[in-house]
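Q: Please take one residue of this protein and give me a close account of its surroundings, setting it against the chain as a whole. Where does it sit, and what does its side chain meet?

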Amino acid sequence: MQHIGLLILTILQYPVSLAGAWVWERISRYFLTVKPGRLAYTIRLILFWGGMTGPMWIGDENLLFFLPMIILLFLLGYQGTRIARTVIGTVFYLLLAGFGMILDTSYCLLPENVWNFTEATATVIKSVMAVLIYLLIRRLNPDQKALELPNRMWGLCALLSLAPLFAVLSFSVWNSFGRDQMDMAQYRIAYTVLPFVLLSALAILIAMMILSRQWALAQAASLANMREAYYENLRREEMHVRTLRHDLRNHLNTAQGLLERGEIEQAQNYLAELTASPALHSTKRICQNEIANVVLTEKMEIMENNGLTADFLVTLPSQLPVSDTDLCALLGNALDNAIEAGKQAESKTIIVRARADCGMFMLRVENSFADAPDFVDGAFATTKENQSLHGFGIRGMQEIAARYSGTVETRVSDHRFELVTCLPFD
């Protein structure tokens, strides 16, 4: 009977491990956007399958080699910023390695005649744990939307993952000659520490999902405020139009009376005052896309209040394969930087060009500046007084572009700054 059970487990071991690898690949989609293509999908499955079936004993050197392999997988098989893919890859490594060290070492400590039985059982348990984690993540993130966090938050998550990562690697570093060098006291320490490593990895994943949700809510709130201000302007202009229409007969009678009495100058002044009415200067509709129109209209008003000239040529359709919050952030950050630099520049013209055609969203913003910006750590440093609270505009745009496999390029020449953003889409 025991041989039959062992035969069944041995037969099921490989399809079950492959199913577990498929589950891990599905879990990863809740955190990062996968790169399209069968090759990238096959690479992800193979490496997750290796994490399911490869021996990961406590103190084994395989753990040291598995870490760069899984980080490379996340860098090659997923989209997003490098720090995002590295952090998520590290946390997945902690989960796979943690389960492997606990389960694989357990059958190594048993007599050799039951190794095969326990090895097959461990594979089944790993797959069951993968399913349980998948159900938990799906419950917490039912929309299956990739995480969106700024680099500083990804950096915080990276710091949080260092402690459990060093705990896992320490056993291999200190016992690099294999399990024969381990004693029972060290095994007790490992089995005490590793459950907390798994809990820490799960806690980091949950914390990243919560932070991403809060970040998305903050961006949505900012966009909602812009929309509210835009529609408030529309309502105010509509009220002015109604008032002007209601009093139009009186205005015309007054102007006609002044002309009949020969008071030409007074009539001209009265008509000039009437022409300057806000009702005759309605909000411009810059393009068909509502979100772009809201953001660009607000920024145009800010430019006019600061004595800047807006040279806009925007042809964006009503629907774009870019989320509203991402589009708002791209346009808002680019124009905020241009307005800030243009205030001190001699040339007060800000050029904005945006279009979406031929499978590409393109945004170009060009402005003058008084002093050349400093280039620090791959990005232009902010010129605002409190530098700790600013300087994330271009970095934020680069994060968004990376999620869409796009680019953000900057050029400086002859006191002119140019920013070009390209996002490919189907």
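A: Of the contacts in the protein chain (heavy atoms within 4.5 Å) between residues at least 6 apart in sequence, 74% join residues at least 24 apart. This is a predicted model, in which local features need pLDDT of at least 70 and side-chain atom pairs count only at pLDDT 80 or more, while totals for chains, interfaces and linings use all residues. Residues are numbered from 1 along each chain as its sequence is written, and side-chain values use heavy atoms, leaving out hydrogens and water.

The chain has 11 helices and 9 strands, which are DSSP runs numbered from the N terminus (H or I, at least four residues, for helices; E, at least two, for strands). Strand E9 covers residues 416-424, and Arg416 is found in it. Arg416 has a relative accessible area of 18% and is therefore buried, a term for values under 20%, with exposed meaning over 50% and partly exposed in between (1.4 Å probe, protein chains only). Across the 426 residues of the chain, 43% are buried.

Once neighbours within four places in sequence are set aside, Arg416 is in contact with Ser347, Thr349, Ile351, Glu366, Asn367, Ser368, Phe369 and Arg411. With two of these residues the side chain of Arg416 makes polar contacts, namely with the side chain of Glu366 at 3.2 Å and with that of Ser368 at 2.4 Å. Such a contact is a pair of N or O atoms within 3.5 Å; within protein, one must be able to donate a hydrogen and the other to accept it, and residues adjacent in sequence count only if both atoms are side-chain atoms.
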